[in-house]
Structures are given as structure tokens and as C-alpha cells.
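Here is a short report on one protein model. Keep the sequence and the 3D view open as you read.

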Amino acid sequence: MSMVSDRPVTPARPWVAHYPPGARAEIPPSPHKTIADLVGASAREFGTKPAFTVCMPNGMFGNLTFADINRYSDAFAAYLRDVCGLKAGDRVALQPPNCLAFPIVAFGVFKAGCVLVNTNPLYTADEMVKQFKDAEPQALVIIDMFTDKLPEVLKAQPIPNIVVARVAEFLPALPRFIVGAIQKYWDQSVKPCPVTHTTFLNALAAGQAKVDAGTDVAAYIDGMGNDTLACLQYTGGTTGISKGAMLTHGNILANMVQAFDMMGSEWKRGEEVILTALPMYHIFAFTVNLLAFYSLGARNILIPNPRPLANLQRAFENYNITFLTGVNTLFNGLNNELWFKEDPPKHLKLAGAGGMALHGAVAKRWEEITGKPVVEGYGLTESSPVISFNPFHRTKPDTIGIPVPSTEVKLVDDEGREVAHGQPGELAARGPQVMKGYWNKPEETAKVMTNDGWLLTGDVAVMDDEGYFKIVDRKKDMILVSGFNVFPNEIEDALAKCAGVLEAAVIGVPDGAAGEAVKAFIVTQDTDLTPDKVKAFCRDHMTGYKVPKFIEFRADLPKSNVGKILRKDLRAEELAKRKST
């Protein structure tokens, strides 16, 4: 793939005309130097208001206020610096699911002047080793359910400070006892930690003792600012190799301002209630749910495990949810939950979708059920993540909206030249939210970033006359059928409208002289649905070469931990199957 030209390019920005009232074409600098400053400012403004509520599947819950979060994160910062002896810039890995320990640790890391390494709690030992060898964290905070992996991990990559937290941390005494007993004796999901460690509550106590003795936590970030590294956010990125995107405090703070400018007057400070079912270690939920809505004074309802979707029922019943984020599969799943359809959320203003393409049929059904739209946006880990978003006052279905303020976007061909208007091209973006590069991987950085700051996303898009963009598909997922380009998103979106299709994924498979053929994997809720019926439906809705040649029904589809369907796993299975025959 050719790099975009280094010559300065300032594309026309027709989208600015469609910004909501009050939105600025260019955002000013953030009022905060670091995320730590934001945490303190929010605590001063919102004080005793509930900031985070963890909601268990049976409705048991625990709360922490903004003041609690500020106090505990101060203590954790002091623990890292004055008890563990970490230095500014040292990495700290955070590996719990959504629970009350998560914001305390994340904010404490920022206050300590350290670098947060968000880590998937479901990683295997091999995956943990690979990430930790790259990031070299000096401390790891892990949930008690997964400590059995630590002996193997620490043998390959020593980490001097291990802190073990619990999902039930900060729940009232009786619910905490019940959850602990269930985990220990009923489902046996928690066993004694096999390595030397400190419990999370003991770490907080040790840090608080330092604060009480006069430690000045604010001094840890003296001299730090927008250019200081805040996170290593690991991603497969646009080239398939796991890499740590270097996101600065300025990257993330700018993206929050950009997002809120696009939100207009929809949100009221100190009044919103956001449901967080997506894991906060994922960049979408990290920036939007955890940080942006914290700065707004929202109450954040944390769901430790959204599977099965019935785990969300009590949260919807017990709290006046005004906003939630999700991926297409989450919205599609809720659309098919009887309890959700019979009693949809009454206070919902809208929902935000990202992470994968939002199917038009799913968005339409969601609005029919809830009476509120699900608005699609677009971004990457490498862009903190938001590049574009549908303005709430003027959404366009089946698009990713318009670029957020202070963001340039252009579409380029394989040689880096801008394509003609209306033609598909690889989306390239430039703005204050774009990462510094990949940690310890200058060659990988050079593949996706130009000398003048353009990020090549690997996604093929088209732009209409008003500056709204539509993602055609991932460049690497494109299928070549007898010389014709076929994009899986288009076919999956059509299949979503076929009666009886619950979920669908489309890939290209080798097909002799034709090059590739289209294969669809379908999860159905209709036992009478047949491949011939699916093909007949497709022939009525798309040109012949796009109609799937092969169709396979499945009980489920492989998904990432945020619910994104993994086409790459289906391709790997298909190629392995063909090699063995």
C-alpha cells in the first residue's frame, strides 16, 4: 500500500455546514493539562453525586461518588509511587472487567504520572505475555477470577507488583458476601491467588497512609501536559499485528471535546445516566463512557458481564438510562430480547454505535422498539477513537456521519492520490486525536502514518455532497469476484433484512477462475429458512455477482469480547477446512 503524499493537503470540509448549533469548526485547547486534572475538577463540581454504580445480574449494586473516586484514586497514585516505587512514565497494566476498581485504578495511574496499559481480562496467558513483554509494566491490577494464569505469565515476563481486585469491591457487606460465596463455592470462578500479591483494598490503605502522612499527590504530574503519554491501547490496528497505540493526555482530552461539540445541547451536566455494557478496556467505552461522561457528571452504570443479555435487565429496570453505547450485535441482541421489547427504556435519549458497521435493519428495529435513534459513529484505537459522528439533530442512516471538529478527512487510492468525488477510497484522517505512533514499532507506525500526520485507516469509504461518509468495508475484507469488488458489509446489511436471519457474516473464499466467491455464515431463528430461500432473497436485493454462492447455517458466530463478529476467524476456519480436503 502506498503512503499518502507528504505534500500539505487541506481538503474542502462541506460537513462543517451541518454541525449542530454551537459546534465549532476548530476546537480550542482543553482546559485541562492532563486527565488527572479533569478527575479533580469533576470531583470538585459534582462531589457527593453518584459517579459509578456496578449492577450485578440479580440487581445487587454498589455505588461510589465523585468524591469517593477522587479520594481513592489519590490513594492508589500514592501506592504506586511511594509504596511500589514506580517512576513517572512507568507502565501499569489494568485487567479487570467493568467494576468499581476500574476507574479508581485508571485515574490513580494518571495521577501518578504513569502510563495505563488496558488489558483484556479474558486474555490467555500467551496473549498476556505477548502484551506485557512489549509494554513491560511495573505493576498489574487483575481481577481475582483470572489469577490462575499468573504463574505462567510471570515466569515469562516478571512484574514486580501484583494487585488483586474483586468484582464485588465496594458493594455493601451482605451483597459482597453473597457474590463472594457464589464465586467461591457455587460456580468456583475464584480460587486462591497462586502468586505473591497485594489485595486492592490493602493497596488503597497503604496509599492512603502515605497521603495522610503528607504526600502531595499533585506533585507527581508536575511538568506534565497534553503531550505526555497517557495510555498504551493495544490493537490489531490496520496491519494485523498487536501493537500499543501511544495515546497522549492531549489526544484523549481533545477527542472528548470533539465528541461533546457534536452532541450539542442533548446532555445536561450532572443529570445523565449512562449504561456501560461495553468493556471499559476497549477504547470506545474508555474515552466515551468512562472519561467523557465522567467529565459531564453522569452516573455510570457498570455491567461486569453483558452475556447473556439478560444480565442487563435489572440495570434497565432499576435506573433511568438516558444513553448507552454498543456495537451492532448488542443492539441486534436487545432487539430480540422479549423483556426488552415489552418494556423498553423510558428515559433513553439515544444510543451510540461504533466498533463495527451498524446494519440499517438493526437501527430501524431499535428505533421502532425504543422510539429513539441509535446513532452511528466511526473511529479507531489509533484516533482515541472518534473520527466522525452523526450529528444528533441531522443524522443520516447507513452513514458514519461527519468528521468531528478539528479533523480533516480525505479518501485516497493505493498510490496515495485523492479519489474523485463520489468514488470509494481509503479513509485518511488528521487531527489532534491521532496517536503519536505505535510503542516500540517505528516500522509499523510508518505503514499507517505519514510525516505530516495523516492516519491511514485501512477502511474504504465514500463521501456524499454534504460531507457525510459511508464505510464501504475494510480494505482487507474486500472480495474480488470475477474482477468485481464486493464488500461484505453491503451483503451483511441486506441479509439482516431477510426474515429469519438473526446474525450474518460474509467472507470471500477461493473459487478457481472466478478468483473468489461470496460465502455467508448465518445464525437463524427460523427452522424453515434454507440456503435457497436466502439466495432468492439476495437475488431480489443485489446484483448477481454479490449473491452468496455458499451459505452455512451456524448456532453462533465468533465474536470479540466487545461483540464484534470476527470475519478473520471464519476465513481461517474456511482455509483450514479446504487445506484438509
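This is a predicted model: local features need pLDDT of at least 70, side-chain atom pairs count only at pLDDT 80 or more; totals for chains, interfaces and linings use all residues.

Now step back into the helix itself. Helix α13 covers residues 360-370. Its buried residues are Gly360, Val362, Ala363, Trp366, Ile369 and Thr370. What do the buried residues of α13 pack against? Their partners include three helices: α11 (328-335), α12 (338-342) and α15 (488-495). They also pack against the strands β12 (323-326), β13 (350-353) and β14 (374-379).

## Aromatic pairs

How many aromatic pairs does a search of the whole structure find? The search finds 21. One of them joins Phe52 and Tyr294. The two rings are stacked, 5.9 Å centre to centre, with 20 degrees between the planes. This pair links distant parts of the chain. Phe52 belongs to strand β1 (residues 50-55), while Tyr294 belongs to helix α9 (residues 283-295). They are 242 residues apart.

Are these two residues buried or exposed? Phe52 is buried, because its relative accessible area is 0%. Tyr294 has 2% relative accessibility, so this residue counts as buried too.

Rings can also join into a group. Ring pairs link Phe260, Trp267, Phe293, Phe323, Phe389 and Phe392 into a cluster.

## Charges over rings

Look next at two charged side chains. Arg71 places its charged end over the ring of Tyr72, 4.9 Å from the ring's centre. Lys243 lies over the face of Tyr438. Here the distance to the ring centre is 5.0 Å.

How values were computed:
Residues are numbered from 1 along each chain as its sequence is written. Side-chain values use heavy atoms; hydrogens and water are left out. Buried means under 20% relative accessible area, exposed over 50%, partly exposed in between (1.4 Å probe, protein chains only). Helices (H or I, at least four residues) and strands (E, at least two) are DSSP runs, numbered from the N terminus. Contact means heavy atoms within 4.5 Å. Rings of Phe, Tyr and Trp (its six-membered ring) pair if their centres lie within 6.5 Å; planes under 30 degrees apart count as stacked, over 60 as edge-to-face and the rest as tilted. A charge sits over a ring if NZ of Lys or CZ of Arg is within 6 Å of the ring centre and within 35 degrees of the ring normal.
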